[in-house]
Amino acid sequence: MENVSPIITAKNLNLWYGDFKALKDISLDMGEREITALIGPSGCGKSTFLKTLNRMNDLVPGIRIEGDVRLKGQDIFAREMQPTELRRRVGMVFQHFNLFPHMTVLENMIYAPMKVNKVPKEQAVAKARELLDNVGMLSKINAYPGKLSGGQKQRVAIARTLAMEPDVVLFDEPTSALDPEMVKEVLEVIKKLAQTGMTMVLVTHEMGFAREVSDRICFLDEG
């Protein structure tokens with residue numbers, strides 16, 4: 001895409017797990033309202049790179065990072081950039097949903113907006129209902145995750161991420177844990193999001209989907 005301002009910029013990014021170098025000198029601009037797909041063989045560093053963009057890798061012992069990553073010009077590793085604030089602005093959808101099993105779909109949806117963004121409950125509930133309707137899950141608003149299929153859980157997880165109104169959404173192989181018949185319903189939701197102009201960075205093995213939905217595809221190999 002021409003004339004697209006970068007929302008996230010990585011420059012000379014290197015990452016080690018102990019002595020193992022997982023990312024090797026990656027430089028990449030990810031444009032606003034652009035869908036960037038990351039493809040490549042398993043273990044090549046796709047998910048590691050994605051998790052570095054919102055500092056999920058901070059939680060891994062023995063990690064070392066060199067290089068520069070900026071969100072709208074702000075250094076994400078700067079002392080004043082709190083990880084909680086970064087993850088609010090850079091949302092993430094995981095392979096395995098990560099819904100709270102003891103909470104209903106609605107409770108999963110409103111927990112972070114109320115706790116982190118200090119959104120009043122009535123407003124959080126209204127937004128949750130709107131987003132669940134958009135992903136076809138409003139009828140399951142009072143269900144617990146244990147009663148949902150994998151595809152339904154992932155659609156709720158996507159809606160929950162959107163409830164935080166992030167600047168960009170990261171998708172870490174969002175269909176890899178799903179049965180084949182459930183993949184299509186999740187891909188349709190992501191495709192619908194792409195049409196709204198949502199900025200996304202997507203790790204996927206679905207080559208046809210990456211070609212169809214992405215503005216740009218980046219291939220990683222051996223970091």
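This is a predicted model: local features need pLDDT of at least 70, side-chain atom pairs count only at pLDDT 80 or more; totals for chains, interfaces and linings use all residues.

Reply: In the second largest pocket, helix α4 gives the largest share of the lining, with 4 residues. This helix spans residues 121-134, and α6, which covers 180-195, likewise supplies at least two residues of that lining. Altogether 13 residues line the second largest pocket, and those that lie nearest its centre are Leu131, Asn134, Leu162, Leu193 and Met198. Sorted by class, this lining holds 7 nonpolar, 2 polar and 4 charged residues, and the space inside the second largest pocket comes to about 300 Å³.

Turning to the largest pocket, we find about 580 Å³ of space, with contributions of two or more lining residues from each of α2, β6 (90-93), α3 (105-115) and α5 (150-162). Among these, β6 provides the largest share, 4 residues. The lining counts 21 residues, with Arg87, Phe94, Ala112, Arg160 and Met164 nearest the centre, and by class it is made up of 12 nonpolar, 6 polar and 3 charged residues.

Arginine 89 counts as buried because its relative accessibility is 11%, which is under the 20% cut-off. Leaving aside residues up to four places away in sequence, arginine 89 touches Leu71, Lys72, Gln74, Met81, Pro166, Asp167 and Val168.

Conventions. Residues are numbered from 1 along each chain as its sequence is written. Side-chain values use heavy atoms; hydrogens and water are left out. Buried means under 20% relative accessible area, exposed over 50%, partly exposed in between (1.4 Å probe, protein chains only). Contact means heavy atoms within 4.5 Å. On a 1 Å grid over the protein atoms alone, a cavity is a set of points where a 1.4 Å probe fits but cannot get out, and a pocket is an open set with protein on both sides within 12 Å along at least five of seven lines; lining residues have an atom within 4 Å of a point. Grid points are joined across faces, edges and corners, and a volume is the space filled by probe spheres set on the points. Ala, Val, Leu, Ile, Met, Phe, Trp, Tyr, Cys and Pro count as nonpolar, Asp, Glu, Lys and Arg as charged, and the others, Gly among them, as polar.
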